[in-house]
Amino acid sequence: MSLILASQSASRRAMLTAAGVPFEATFAGVDEDAAKAALSDLSPRDLADALAELKALKVSARMPGYLVLGSDSLVALEDGTILDKPVDRADAAVHLQLMSGKRHDLWSAAVIAENGQAIWRHVERAKMHVRPLSDAFIETYLDAEWPAIAGCVGCYRIEGPGAQLFSRIEGSQFTVLGMPLLNVLDFLRVRGELPA
């Protein structure tokens with residue numbers, strides 16, 4: 001297998017490992033803040049796709065001959081506001097308050113590049129219904145989860161205590177974890193990288 005994951009995300013690495021996909025992971029080296037500023041006119045869906053592509057292409061340019069998987073996730077409130085990773089615990093509390101009692105969209109994109117060209121892509125949305133959260137719950141939650149969630153858009157790890165934030169989730173758990181894994185696996189089978 002010649003798959004390179006253009007990410008150091010523990011969640012994405014764990015998904016590929018659990019699925020039995022051989023890969024190597026490398027840091028993409030993308031300035032996400034600068035990229036988001038330059039691409040701020042895009043919809044949340046298209047922004048997730050563009051960031052995933054940027055990561056895949058950057059690594060693919062320096063690693064010819066490999067399939068390079070770039071992935072990105074974004075949280076968008078119903079009014080279109082994009083929530084990024086929290087800058088500190090207080091910011092995480094604000095994010096949780098903004099999401100409390102409302103639905104938000106979590107967009108996860110995956111792009112595979114080869115020899116500096118994007119050759120495959122898929123974007124998926126999960127609809128995340130957050131139950132009303134009391135200030136006391138938010139503080140208790142952050143006591144347990146901060147700083148582990150500092151690198152998580154939406155301030156949650158769905159595979160852990162973050163499940164307590166939700167009344168309902170519509171969409172794939174893999175999408176919520178940060179990558180449309182089933183679609184990635186399908187592409188790898190079509191390419192002959194995984195057994196059919």
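The model is predicted.

**Overall build**

The protein chain holds seven helices and seven strands. Read from the N terminus, the order of elements is β-α-β-α-α-β-β-α-β-β-α-β-α-α.

Along the principal axes, the C-alpha atoms fill a box of roughly 50 × 35 × 25 Å.

Of the 196 residues, 45% are buried. Contacts with a separation of 6 or more were also examined: 67% of them join residues 24 or more positions apart. The accessible surface of the protein chain is about 9,000 Å². Carbon and sulfur atoms account for 51% of that surface.

The protein chain carries 19 positive and 25 negative charges. Their mean positions lie 3 Å apart.

Strand 5 covers residues 103-114, and strand 6 covers residues 117-130. The two run antiparallel and are joined by twelve bridges.

Strand 5 and strand 6 form a hairpin, with two residues between them. Asn115 sits in that turn. What is the phi of Asn115? The angle is near 50 degrees, a positive value in a residue other than glycine. Asn115 counts as partly exposed because its relative accessible area is 49%, in the range between the 20% and 50% cut-offs.

Strand 6 also pairs with strand 7, residues 166-170. That pairing is antiparallel too, over four bridges. Here His129 stands opposite Arg168 of strand 7. Strand 6 therefore has strand 5 as one partner and strand 7 as another, given that two strands pair if at least two bridges are found between them. In a regular strand, side chains alternate between the two faces of the sheet.

**The loop between helix 5 and strand 7**

Helix 5 spans residues 135-145. The loop between helix 5 and strand 7 contains Pro147, Val153 and Cys155.

Pro147 brings a cis peptide bond. The bond runs from Trp146 to Pro147, with omega near 10 degrees.

Is Val153 buried or exposed? Val153 counts as buried because its relative accessibility is 13%, and the cut-off for buried is under 20%. Leaving aside residues up to four places away in sequence, Val153 touches Ser73, Val75, Leu83, Asp84 and Lys85. Asp41 is 112 residues from Val153 in sequence, and their C-alpha atoms are 20 Å apart in space.

Cys155 has a positive phi of about 65 degrees, although it is not a glycine. Cys155 counts as buried because its relative accessibility is 0%.

The table collects the accessibility values.

| Residue | Relative accessibility | Class |
|---|---|---|
| Asn115 | 49% | partly exposed |
| Val153 | 13% | buried |
| Cys155 | 0% | buried |

Asn115 belongs to the loop between strand 5 and strand 6. Val153 lies in the loop between helix 5 and strand 7, and Cys155 is found in the loop between helix 5 and strand 7 as well. Positive phi values occur at Asn115, near 50 degrees, and at Cys155, about 65 degrees.

Key
Residues numbered from 1 in each chain as written. Predicted model: local features only at pLDDT ≥ 70, side-chain atom pairs only at ≥ 80, totals over all residues. Heavy atoms only, no water. Buried < 20%, exposed > 50% of the residue type's maximum accessible area, 1.4 Å probe, protein only. Contact = heavy atoms within 4.5 Å. Areas by Shrake-Rupley, 256 points an atom, 1.4 Å probe, with all protein chains shown as cover. Lys, Arg positive; Asp, Glu negative; His and termini not counted. Charge placed at Lys NZ, Arg CZ, Asp CG, Glu CD.
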